[in-house]
Amino acid sequence: MLTEALQRRLAERHEQSRYRSRRLLDSAQGARIVVDGREFLQFCSNDYLGLANHPQLVSAMQNAAATYGVGGGASHLVCGHSSLHHQLEERLADITGRDRALLFSTGYMANLGTVTALMGKGDHILEDRLNHASLLDAGLLSGARFQRFQHNDIDDLERRLKKLPLEGLRLIVVDAVFSMDGDIAPLPELAALAKRYNAYLMADDAHGFGVLGKAGAGSSELFGLDQDQLPVLMGTLGKGIGSFGAFVAGSEVLIESLIQFARPYIYTTAMPPAVAAASLASLDILKSESWRREHLQCLIKRFRDGAAGLALPMMDSETAIQPLLVGEESQAIAISKGLEAEGVLVSAIRPPTVAAGQSRLRITLSAAHSEADIDRLLGALNKVVPAALRVAPRVL
Ligand SMILES: *Cc1c(COP(=O)(O)O)cnc(C)c1O
């Protein structure tokens with residue numbers, strides 16, 4: 001019975017051109033990777049600063065493993081909280097300008113743990129409808145009243161806040177940089193609205209931390225939002241930071257509450273201390289190699305200018321996430337395959353990750369790329385993206 005039901009669902013996925021399969025990666029991350037036995041120029045990882053294979057991260061991890069071993073061994077609350085984890089938390093609090101930070105094993109768990117620890121029955125959660133799946137899942141799991149407002153729409157959010165009953169706590173939750181769109185949430189406006197309506201603001205900076213802001217401290221630095229304005233700041237370490245794991249930063253009360261009540265924090269093994277050591281090394285590099293952020297900004301500009309010249313249907317994004325809107329699943333796959341034939345790897349993002357009719361190529365740029373790499377990408381796109389998808393040139 002179950003097997004047949006599953007087979008039907010799988011067949012349906014195939015028919016919808018939504019079936020996903022994994023490729024075999026046989027190299028470290030970098031501008032060039034070996035996938036399914038072939039080398040590609042890739043624009044699909046989230047290693048925005050090109051740190052995932054940085055020699056200083058590699059040696060930090062090796063050295064820490066020589067001292068601390070491999071396994072975390074136990075949860076943080078039992079006997080797995082090593083001094084390397086602790087140092088990393090202190091550095092993260094320092095960089096983000098918060099009282100404290102708490103490490104989680106993954107960003108998914110950080111979001112699940114935080115939202116469910118803070119909110120429960122009788123409370124109210126308002127999320128941007130394009131929030132990351134982990135935040136939407138967290139909202140549902142919390143048992144709070146959960147609603148989604150229109151993407152980056154302050155007026156829609158305010159209308160909803162006005163209608164809330166007085167009872168219950170209120171949490172507004174957004175991606176600081178939207179993972180499939182690349183645009184940035186209007187955090188200062190959201191913070192002001194949260195204050196006015198007695199709500200807490202939480203931002204997920206998975207795609208901003210390390211990359212945005214002069215020092216790489218992310219969206220809160222970019223907008224100059226302190227702990228009072230943006231009380232729940234979540235960031236990840238597996239994207240721009242090039243390592244693995246995640247954190248939540250905020251007040252003493254927030255962090256102590258998470259330690260007591262966040263189940264995905266409590267009931268899981270601490271990440272390997274050597275992974276924390278790699279993250280610490282990466283935070284050093286944020287400071288010593290600020291050219292990585294500057295180079296990335298230059299590449300983004302070069303790509304956007306070039307794409308505009310080719311009338312490519314780019315979405316409105318200034319970050320390293322540069323989606324090219326296609327529409328239909330099958331066409332997104334066809335373009336991705338066409339690029340692959342040119343030796344360029346870009347992933348086609350389809351429903352349910354994005355809404356139906358919104359399939360896209362999610363192009364991600366990295367400081368590991370050179371200007372010549374960007375030009376090669378533009379050349380390949382020009383060859384592969386059909387005329388019907390080109391947009392009318394913008395009149396300035
Ligand atoms: C990737 C991502 C996460 C999950 O982080 P992991 O550390 O990969 O589990 C959470 N939120 C957003 C917006 C993300 O893009």
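Figure 1. Ser 179 lies in the loop between β6 and α8, where helices (H or I, at least four residues) and strands (E, at least two) are DSSP runs numbered from the N terminus. The model is predicted, so that local features require pLDDT of at least 70 and side-chain atom pairs count only at pLDDT 80 or more, whereas totals for chains, interfaces and linings use all residues. Residues are numbered from 1 along each chain as its sequence is written, and side-chain values use heavy atoms, with hydrogens and water left out. Ser 179 counts as buried, at 6% relative accessibility; buried denotes under 20% relative accessible area, exposed over 50%, and partly exposed the range in between (1.4 Å probe, protein chains only). Leaving aside residues up to four places away in sequence, Ser 179 touches His 132, His 207, Ile 321 and Arg 362, contact being defined as heavy atoms within 4.5 Å.

**Figure 2. Pro 186 in the loop between β6 and α8.** Pro 186 is found in the loop that runs between β6 (170-175) and α8 (187-196). With a relative accessible area of 18%, Pro 186 is buried. Residues up to four places away in sequence being excluded, Pro 186 touches Asn 152 and Ile 154. Its C-alpha atom is separated by 22 Å from that of Arg 362, 176 residues apart along the chain.

**Figure 3. The boundary between domain 1 and domain 2.** The domain assignment of the protein gives domain 1 (55-288) and domain 2 (290-389); such bounds come from an automatic or database domain assignment. Taken over C-alpha atoms, the centres of domain 1 and domain 2 are separated by 28 Å. In this view, 19 residues of domain 1 are in contact with 16 residues of domain 2. The size of an interface is often given as the accessible area lost when the parts come together. About 1200 Å² is buried between domain 1 and domain 2, of which carbon and sulfur atoms give 54%; buried area is the accessible area (1.4 Å probe) that two parts lose on being put together, summed over both. Met 180, Asp 181 and Val 211 supply 45% of the area that domain 1 buries against domain 2, more than any other three residues. The count between the two domains is one salt bridge, defined as a side-chain nitrogen of Lys or Arg within 4 Å of a carboxyl oxygen of Asp or Glu. Asp 181 also forms a salt bridge with Arg 360, in which the closest N and O atoms are 3.2 Å apart.

**Figure 4. The largest nonpolar core, with Phe 303 and Ile 363.** The largest nonpolar core has 61 residues, and Phe 303 and Ile 363 have the most contacts inside it. A nonpolar core is a set of buried Ala, Val, Leu, Ile, Met, Phe, Trp, Tyr and Cys residues joined through side-chain atoms within 4.5 Å. Helix α12 (residues 273-288) gives the most to this core, with nine residues. Because domain 1 (55-288) and domain 2 (290-389) both give residues to the core, it lies between them. Phe 303 touches Met 314, Gln 322, Ile 363, Leu 365, Ile 374, Leu 377, Leu 378 and Leu 381, residues up to four places away in sequence not being counted. A second, separate core of 24 residues includes Phe 104, Met 119, Ile 125 and Ala 262.

**Figure 5. Salt bridges within the model.** The count comes to 17 salt bridges. Arg 100 forms one of them with Glu 256, the closest N and O atoms being 2.7 Å apart. This pair links distant parts of the chain, 156 residues apart, with Arg 100 in strand β3 (residues 100-104) and Glu 256 in helix α10 (residues 252-261). Arg 100 is partly exposed, at 22% relative accessible area, and Glu 256 is likewise partly exposed, at 31%. The side chains of Glu 289 and Arg 292 meet in a salt bridge (2.6 Å, N to O), and both residues are buried.

**Figure 6. The pair Asp 305 and Lys 301 in helix α13.** A salt bridge joins the side chains of Asp 305 and Lys 301 (2.6 Å, N to O). Both residues lie in helix α13 (residues 291-309), four residues apart, about one turn of the helix. Asp 305 is partly exposed, with a relative accessible area of 46%, whereas Lys 301 is exposed, with 52%.
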